[in-house]
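Hi,

Here is the structure I promised to pass on. Have a look at it first, and my notes follow below.

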Amino acid sequence: MKFFIDTAKVEDIKKANDMGVISGVTTNPSLIAKEGRDFKEVITEITSIVDGPISGEVKATTTDAEGMIAEGREIAKIHKNMVVKIPMTIEGLKAVKVLTSEGIKTNVTLIFSATQALLAAKAGASYVSPFLGRLDDISTPGIDLIRTIAEIFKIHGLKAEIISASVRNPIHVIDCALAGANIATVPYSVIAQMTKHPLTQQGIEKFQADYKAVFGE
Ligand code: E4P
């Protein structure tokens with residue numbers, strides 16, 4: 001399973017990239033809005049940091065296929081690594097079909113059911129993004145959806161990669177890996193949590209104390 005970082009905050013993207021653990025980046029309209037920066041400016045900066053798929057979403061206010069196709073073409077022009085993120089709607093699927101026929105990669109987002117994932121894959125999406133945490137938030141086990149999609153894609157040899165999205169904690173990450181997700185897109189805070197273990201910290205402190213006791217600082 002690969003890791004993408006789910007943020008538009010360039011400082012966090014740089015930190016995760018320097019750790020060598022991320023292969024791509026996902027953004028969404030809320031994450032871009034949180035940074036308060038121009039979409040093209042921030043996305044261009046991200047493409048200069050990470051050499052891997054960068055998902056940039058069409059405007060949240062664009063709901064028709066024609067509009068999404070036009071924006072998708074512009075997003076794809078920003079950099080060769082760009083992936084156009086499209087919401088899971090009928091209009092969105094139409095846009096995915098056209099953009100795919102033009103060789104533009106797409107990531108169908110806001111997936112909450114296996115039928116949605118199947119349709120997105122059939123329309124030609126390179127990636128499908130089921131939202132794990134938001135399902136958990138409404139007392140529906142999100143991981144069951146990831147597992148089901150992974151099983152269906154395997155049975156039918158569907159090529160779309162599954163990006164587990166809305167990942168909120170390290171347990172989610174392990175669950176996604178076991179469920180067969182190709183990618184987990186995670187905020188920097190979760191990557192940082194994943195590095196930690198109390199025994200690691202205790203071990204570091206003991207090694208330092210033992211070393212200093214004999215050799216000094
Ligand atoms: C996915 O691509 C989305 O950007 C993201 O994972 C949503 O996460 P959230 O539910 O924590 O907002």
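Ile5 sits opposite Val25 of strand S2; strands here are DSSP runs of E with at least two residues, and helices are runs of H or I with at least four, numbered from the N terminus. S1 (residues 2–6) and S2 (residues 24–26) run parallel, joined by 3 bridges; two strands pair if DSSP finds at least two bridges between them.

Before you go further: this is a predicted model, where local features need pLDDT of at least 70 and side-chain atom pairs count only at pLDDT 80 or more, while totals for chains, interfaces and linings use all residues. Numbering starts from 1 along each chain as its sequence is written.

Those strands belong to a closed barrel of 8, in the order S1-S2-S3-S4-S5-S6-S7-S8, with parallel pairing.

Now for Ile43, which is in helix H3 (residues 39–49). It counts as buried because 22 C-beta neighbours lie inside 10 Å (buried means 20 or more other C-beta atoms within 10 Å, exposed 12 or fewer, partly exposed in between, with C-beta atoms placed from the backbone). Beyond its neighbours within four places in sequence, Ile43 is in contact with Ile54, Gly56 and Ile78; contact means C-beta atoms, placed from the backbone, within 7 Å. Thr27 is 16 residues from Ile43 in sequence, and their C-alpha atoms are 8.8 Å apart.

Last, the ligand. Residues around it include Asp6, Thr26, Asn28 and Arg134, each with its C-beta atom, placed from the backbone, within 6 Å of it.

Cheers

Technical notes:
Contact = placed C-beta atoms within 7 Å.
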